[in-house]
Amino acid sequence: FGSRSSQQTGNATGPPHNLRLRGGSSAAMAAKANAPEKGPPPVTAAWMNLTKNLIGAGIFSLPSGLKSGSVIPGLSAMITVCIFCSSSFILIAYLCKRLRCETYREVFCIAFGNRAGTLIDGFIFTNGFFACVAYTILVADFLQKAAEGLLGVVPNRIMLIAGNTCCFMLPLSHAKDLSALRYTSMMGLMIIAFVFMFIVSDCWKSEDAPSNLKAHAVHLNMGIFRTVALCTGAFQAHYNAPRIFKQLHGDLQAHAQTVLASFSTAFTVYSLFAVSGLGLFGDKLLGNVLKNYDPDNTAIMMVWFGMAFAIIFTYPLVFTAARESLVGSQPFLQEALRRQPLLAHVAITCTMVFLISSVACCVEDVSKVTGTLGAVVGSSLCWICPSSVYLKLSRKGQSGLSMPLNGKALLPYNGPLSVYTSLLILVGSISIVVGVHAVWSN
């Protein structure tokens, strides 16, 4: 979870492509939508955009994930997850190109019908809801540690969450114009970059790092599934794949190059950060690596305040996407908003914010939330759903496209791709069941 969550809305809602192009001007609209963009695809801009979507506050839990899986097996799991997630990211663009879709939801609806779009809305709502839970936990972590350093006392966690909710989260969640908040998201990324350099350099200077890494070099147990769950969540931005593909003018080769560059960058950052965090703190490592630092560290004190500030003002971006996904999937909420727009908006917003903060009060370790998201939502959106679409729309023995299903042509069958997508579904299904257990049994 991170700045990428602010982009969910555009891919979560809206009717399927074949239902949108209606009326007398539908042919002209379709021709305009499918017209090739002029100029070369902006690969560099797309790489920066996708990398920003990938790297977020979930990075703080990765050292804990590496500790669960140990260094060598954990890094092997991380690169495997990176390969699976990057390939499925490209698969989604391939499906968009073949099926002429513009959103993740449309792709799924083409294969499984319009009602299936509710499932994607549900996944995106769940992701946004629990990302907000994780944000709330992180803000409480940072403010607790900062108060300990400044005041010498540790404030009550529940009171911190309640005060933060009433003073900041709830009022900001009611805001209609969120355009100014995009700058706080960039601020959060800058702080994450500073934290990355600080922890890597701190590990480089640490005398205990070699012995800590040696002690956690190799051990194989169920903790590796916790590593996989946390890594899946870190590499999850797949509802944005159609938007990145569109930004690249529908050029599949440029999309593949962008994905390779962005996921390689993310893997490099994640692996260095995870190894450094484990090397620094070893057995004492917590779910949020920044909680391991003492309050007397001035640089970390500034990071705690900066991250708390950035997360508070990023929260409404993620919250709004989750709320719109919820409303888009529930007709009775849409009807309530039509009849009593102000009352319904206030009721939905207040209820969601209250539930988010209540869950945050019950869970102190943010890695449990991010790990569960990775195991359930990440496995579903990254691996199971796109692979299921391909298998549903492909037919064995066909060299070309066959006649349509729901007005769309089926996909050509490819043996190796069918085997690979079946593997992704199997791995994703195992990750959901075993991953959740591994996260909560840690």
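These legends describe close-up views of a predicted model.

**Figure 1. Overview of the protein chain in the predicted model.** The protein chain has 442 residues, of which 54% count as buried. Its secondary structure comes to 19 helices and two strands. Among contacts in the protein chain with a separation of 6 or more, 85% are between residues 24 or more positions apart.

**Figure 2. Packing of helix α8 against helix α15.** Helix α8 covers residues 117-151, and helix α15 covers residues 298-329. Their axes lie 8 Å apart, at an angle of about 160°. Angles over 145 degrees count as roughly antiparallel, and α8 and α15 are therefore roughly antiparallel to each other. The crossing in which α8 passes α15 is left-handed. The residues of the contact of α8 with α15 comprise 24 nonpolar, eight polar and two charged.

**Figure 3. The aromatic pair of Phe-129 and Phe-130.** A search of the whole structure finds 15 aromatic pairs. One of them is formed by Phe-129 and Phe-130, with 5.1 Å centre to centre and 70° between the planes. This pair is edge-to-face, because planes over 60 degrees apart count as such. Phe-129 has a relative accessibility of 9% and so counts as buried, the cut-off being under 20%. Phe-130, with a relative accessible area of 30%, is partly exposed.

**Figure 4. A cluster of aromatic rings.** The cluster consists of Phe-89, Phe-235, Phe-263 and Tyr-270. Ring pairs link these four residues.

Terms used. Residues are numbered from 1 along each chain as its sequence is written. This is a predicted model: local features need pLDDT of at least 70, side-chain atom pairs count only at pLDDT 80 or more; totals for chains, interfaces and linings use all residues. Side-chain values use heavy atoms; hydrogens and water are left out. Rings of Phe, Tyr and Trp (its six-membered ring) pair if their centres lie within 6.5 Å; planes under 30 degrees apart count as stacked, over 60 as edge-to-face and the rest as tilted. Buried means under 20% relative accessible area, exposed over 50%, partly exposed in between (1.4 Å probe, protein chains only). Axes are lines fitted to C-alpha atoms, for helices over the stretch in contact, and angles run from 0 to 180 degrees between N-to-C directions. Helices (H or I, at least four residues) and strands (E, at least two) are DSSP runs, numbered from the N terminus. Angles under 35 degrees count as roughly parallel, over 145 as roughly antiparallel, 65 to 115 as roughly perpendicular and the rest as oblique. A crossing is left-handed if the near helix is turned anticlockwise from the far one by less than a right angle, and right-handed if clockwise. Ala, Val, Leu, Ile, Met, Phe, Trp, Tyr, Cys and Pro count as nonpolar, Asp, Glu, Lys and Arg as charged, and the others, Gly among them, as polar. Contact means heavy atoms within 4.5 Å.
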